[in-house]
Amino acid sequence: GVALFSFATFIFIIGQVMRVYSDNWVSVWTKRKYEDAGYTTDAFYAGLYGLLVFAFLSLSFIRAYFYYYTGKVGANNIHDASFGAALSAPMHFFHVTPVGKLLS
């Protein structure tokens with residue numbers, strides 16, 4: 001529980017940092033802050049921007065898959081627990097309870 005939540009939060013925070021930094025990089029690109037260091041071509045700025053966007057998209061897909069996987073595991077656990085409880089219920093329960101209440 002706590003480890004999964006911590007991992008999901010970590011992935012979310014890192015993904016948001018990549019998104020914000022890629023937006024910030026556009027500002028750096030337009031001001032040409034690193035021209036003094038010898039980076040005068042647009043290929044440097046565009047390449048780094050593309051790398052940041054790719055990292056953000058990758059983390060977004062990892063986060064989406066992680067949420068899908070944990071939701072699937074949780075749903076399977078709930079289903080198995082409820083099905084096991086229904087199978088182990090006494091027969092009297094099924095005679096007394098209407099079918100509509102069992103299905104809802």
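A: Ser88 sits in the loop that links α2 to α3 (91-96), where helices are DSSP runs (H or I, at least four residues), and strands (E, at least two) likewise, numbered from the N terminus. This is a predicted model, in which local features need pLDDT of at least 70 and side-chain atom pairs count only at pLDDT 80 or more, while totals for chains, interfaces and linings use all residues. Residues are numbered from 1 along each chain as its sequence is written, and side-chain values use heavy atoms, with hydrogens and water left out.

Ser88 counts as exposed because its relative accessible area is 58% (buried is under 20%, exposed over 50%, partly exposed in between, with a 1.4 Å probe and protein chains only). From Ser88 to Trp25, 63 residues away along the chain, the C-alpha atoms are 60 Å apart. Phe94 and Ile11 lie 83 residues apart in sequence, and 46 Å separates them in space, C-alpha to C-alpha.

The crossing of α1 and α2 is left-handed, meaning that the near helix is turned anticlockwise from the far one by less than a right angle, clockwise being right-handed.

Within helix α1, Asp23 and Arg19 are four residues apart, about one turn of the helix, and their side chains form a salt bridge at 3.1 Å, N to O (a side-chain nitrogen of Lys or Arg within 4 Å of a carboxyl oxygen of Asp or Glu). By this rule, the count is one salt bridge. Asp23 is partly exposed, at 43% relative accessibility, and Arg19 is partly exposed too, at 34%.

Helix α1 (residues 2-31) also supplies the largest share, three residues, of a nonpolar patch. This surface patch is formed by Phe12, Ile13, Val17 and Tyr67, with about 380 Å² of accessible area together. Ile13, in helix α1, is partly exposed at 46% relative accessibility. Patch residues have over 30% relative accessible area and no salt bridge, with nonpolar side chains (Val, Leu, Ile, Met, Phe, Trp, Tyr) joined within 5 Å and like charges within 9 Å; areas come from the Shrake-Rupley method with a 1.4 Å probe, only the protein chains shown counting as cover for residues.
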